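Subject: Structure handover

Hello,

Here is the structure I promised to pass on. My notes on it follow below.

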Amino acid sequence: MHTPTFASWTIRKIFKLRPMVQPWITYVIGNGRNTFLWLDNWHPLGPLFAKFGSRVVYNLGRSLQTKVDFMIVNNQWQWLRARNPAIREILRTTPNSLVSKVSHEDSVVWNLNPNGKFSVSSAWHAFRNPKPLVAWYKVVWFKHAIRRWSIIQWLAVLGRLFKPAIPRTPDGPLSSG
């Protein structure tokens, strides 16, 4: 799926994050009506299109928009043309237990949270690269601090509060001539 060209800057940036986030999102198959067969991460091999490409989609005579329920008939998988080695691998690795909840809706699971629900906190901790705390941290950032003052203190500690207009030496301002 390509990023829409008419989308806003924010949406385009979010679309670029998909390859990093996709492994953490899995789909639990219920009736298969809400999960894309080729594009979603429901199979033990991961997204099938990413693993096998468009050739398998073409060999099965299906589109990229095919849902998982199209391949389930009477609670059994109905994969066609098993001569293709990629399709044989899909058949071999697709557990029959995936179609056991046909009366339920499909669900999405966020693997970084124990309860399976997305949280900004779990995404933040997955993406960030933590740095060691500096000695002055609790002096600047604390629970009841006034944020404006904390920011000024922070800039002062970093030496970025003021930029001298005239370069100085230990003896005084540099002379221009």
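Phe127 is partly exposed, at a relative accessible area of 38%. Here, buried means under 20% relative accessible area, exposed over 50% and partly exposed in between, with a 1.4 Å probe and protein chains only. The model is predicted, so local features need pLDDT of at least 70 and side-chain atom pairs count only at pLDDT 80 or more, while totals for chains, interfaces and linings use all residues. Residues are numbered from 1 along each chain as its sequence is written, and side-chain values use heavy atoms, with hydrogens and water left out.

On the aromatics. The structure has 4 aromatic pairs. Rings of Phe, Tyr and Trp (its six-membered ring) pair if their centres lie within 6.5 Å; planes under 30 degrees apart count as stacked, over 60 as edge-to-face and the rest as tilted. Trp24 and Trp110 pair edge-to-face, at 6.1 Å centre to centre and 80 degrees between the planes. This pair links distant parts of the chain: Trp24 is in the loop between α1 (9-21) and β1 (25-28), Trp110 is in strand β4 (residues 107-110), and they are 86 residues apart. Trp24 is partly exposed, at 22% relative accessible area. Trp110 is buried, at 6%. Trp24 also pairs edge-to-face with Phe127, at 5.5 Å between centres and 75 degrees between planes. Phe127 belongs to helix α5 (residues 120-127) and Trp24 to the loop between α1 and β1, so this pair ties together parts 103 residues apart in sequence. Ring pairs join Trp24, Trp110, Phe118 and Phe127 into a cluster.

Two lysines sit over rings. The criterion is NZ of Lys or CZ of Arg within 6 Å of the ring centre and within 35 degrees of the ring normal. Lys67 lies over the face of Phe36, 4.0 Å from the ring centre. The charged end of Lys51 is over the ring of Phe52, 5.9 Å from its centre.

Next, the core. A nonpolar core is a set of buried Ala, Val, Leu, Ile, Met, Phe, Trp, Tyr and Cys residues joined through side-chain atoms within 4.5 Å. The largest one has 18 residues, and Trp38, Trp42, Trp77 and Trp79 touch the most other members. Helices α2 (48-52), α3 (54-60) and α4 (85-93) each supply at least two residues of this core. Leaving out residues up to four places away in sequence, Trp38 touches a set of residues including Pro47, Phe49, Leu60, Arg62, Trp79 and Ile90. Contact means heavy atoms within 4.5 Å.

The overall picture. The protein has 7 helices and 6 strands. Helices (H or I, at least four residues) and strands (E, at least two) are DSSP runs, numbered from the N terminus. From that end, the order is α-β-α-α-β-β-α-β-α-α-α-β-β. Of the 177 residues, 26% are buried. Among contacts with a separation of 6 or more, 51% join residues 24 or more positions apart.

One more residue. Val139 lies in helix α6 (residues 137-140). Val139 counts as exposed, at 54% relative accessibility. Its C-alpha atom is 9.4 Å from that of Trp154, 15 residues apart along the chain.

Last, confidence. pLDDT is the predictor's confidence in each residue, from 0 to 100. The protein averages 82, and 86% of the residues score at least 70. Confidence is highest in helix α7 (residues 147-157), at a mean of 92, and lowest in strand β6 (residues 172-173), at 62.

Best wishes
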